[in-house]
Amino acid sequence: MASESRLYTFSPETQEKLRKFRLGTSRAKDPQAVVYQIDKHSLEIAQADDETYNNIQELADDLPDHSPRFILLSYPLTLPSGRLSVPYVMLYYLPVTCNAELRMLYAGAKELMRNTAEVGKVIEITEAEELETIEDKLGGAA
């Protein structure tokens, strides 16, 4: 991990946003998601916009068709046992149509982003439509 931490950077402001999002979503009643991207020139990982998504369909509509993204997702769901769970995961969005340079850029930062955001699990998706079945991937009751 040492080499990634020298290559990619997080501003103190971004680190604080990551911490606040992680702590603030643990008791959320609705899904919450924020999108992060890597600046190709500075290699800084930062929030793509200031929006926190509460609607999975809006999030899917706003994802770019040809560019990867890291999506931090807090998704309340009811487990088959009837217990409420709020998994905090990172979705690694890697469209099949993105170029090799972007694939390598995001692949190199994946573990650093995972560790910095302190997520419990990374789920790889290649299409925005896969967000529609995210509850199945998280193990919720049907």
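Colleague: Why does E111 count as partly exposed?

Modeller: This is a predicted model, so the value is computed. E111 has 37% relative accessibility. Buried means under 20% and exposed means over 50%, with partly exposed in between. E111 therefore counts as partly exposed.

Colleague: What makes E111 and R114 a salt bridge?

Modeller: Their side chains meet at 3.9 Å, N to O. The cut-off is within 4 Å. The pair therefore passes.

Colleague: Where do E111 and R114 lie?

Modeller: Both are in helix α4. They are 3 residues apart, about one turn of the helix. R114 counts as partly exposed because its relative accessibility is 27%.

Colleague: How many salt bridges does the structure hold?

Modeller: It holds 7. Another one joins D50 and K17, at 3.3 Å from N to O. That value also falls within 4 Å.

Colleague: Why is D50 called exposed?

Modeller: D50 has a relative accessible area of 67%. Exposed means over 50%, so D50 qualifies. K17 has 29%, so K17 is partly exposed.

Colleague: Which residues are linked with K17 in a network of salt bridges?

Modeller: E13 and D50 are linked with K17 in that network.

Colleague: How do you know that E130 and K137 form a salt bridge?

Modeller: The N to O distance is 3.0 Å. The limit is within 4 Å, so the pair counts. K137 is partly exposed because its relative accessibility is 30%.

Colleague: Which residues gather in the patch of negative charge on the surface?

Modeller: D49, E51, E58, D61, D62, D65, E127, E129 and E132. One of them, D61, sits in helix α3 (residues 56–62).

Colleague: Why is D61 called exposed?

Modeller: D61 has a relative accessible area of 55%. The cut-off is over 50%, so D61 is exposed.

Colleague: Is Y93 buried or exposed?

Modeller: Y93 is buried. Its relative accessibility is 3%, and buried means under 20%. Y93 belongs to strand β6 (residues 88–93).

Colleague: What does Y93 touch, not counting residues up to four places away in sequence?

Modeller: Y93 touches L63, P64, D65, S67, P68, R69, I71, I125, T126, E127 and A128. D65 and E127 are also among the residues of the negative patch. The C-alpha atoms of Y93 and E127 are separated by 7.3 Å. Along the chain, Y93 and E127 are 34 residues apart.

Colleague: Why does S85 count as buried?

Modeller: S85 has 19% relative accessibility. Buried means under 20%, so S85 counts as buried. S85 is found in strand β5 (residues 84–85).

Colleague: Which residues is S85 in contact with, leaving aside its neighbours within four places in sequence?

Modeller: Y75, P76, L77 and L79.

Colleague: What phi does L43 have?

Modeller: L43 has a positive phi of about 60°, although it is not a glycine. L43 lies in the loop between β1 (32–38) and β2.

Colleague: Why is L43 called buried?

Modeller: Its relative accessibility is 17%. That is under 20%, so L43 counts as buried.

Colleague: What phi does E118 have?

Modeller: E118 has a positive phi of about 60° and is not a glycine. E118 is in the loop between α4 (100–117) and β7 (121–125).

Colleague: What makes E118 partly exposed?

Modeller: E118 has a relative accessible area of 47%. Exposed requires over 50% and buried requires under 20%, so E118 is partly exposed.

Colleague: Which residues does E118 touch, not counting those up to four places away in sequence?

Modeller: E118 touches R22 and Y88. The C-alpha atoms of E118 and L94 are separated by 20 Å. E118 and L94 are 24 residues apart along the chain.

Methods: Residues are numbered from 1 along each chain as its sequence is written. This is a predicted model: local features need pLDDT of at least 70, side-chain atom pairs count only at pLDDT 80 or more; totals for chains, interfaces and linings use all residues. Side-chain values use heavy atoms; hydrogens and water are left out. Patches are made of residues with over 30% relative accessible area and no salt bridge: like charges are joined within 9 Å, nonpolar side chains (Val, Leu, Ile, Met, Phe, Trp, Tyr) within 5 Å. Accessible areas come from the Shrake-Rupley method with a 1.4 Å probe; for residues, only the protein chains shown count as cover. Lys and Arg count as positive and Asp and Glu as negative; His and the chain ends are not counted. The place of a charge is taken as NZ of Lys, CZ of Arg, CG of Asp or CD of Glu. Helices (H or I, at least four residues) and strands (E, at least two) are DSSP runs, numbered from the N terminus. Buried means under 20% relative accessible area, exposed over 50%, partly exposed in between (1.4 Å probe, protein chains only). Contact means heavy atoms within 4.5 Å.
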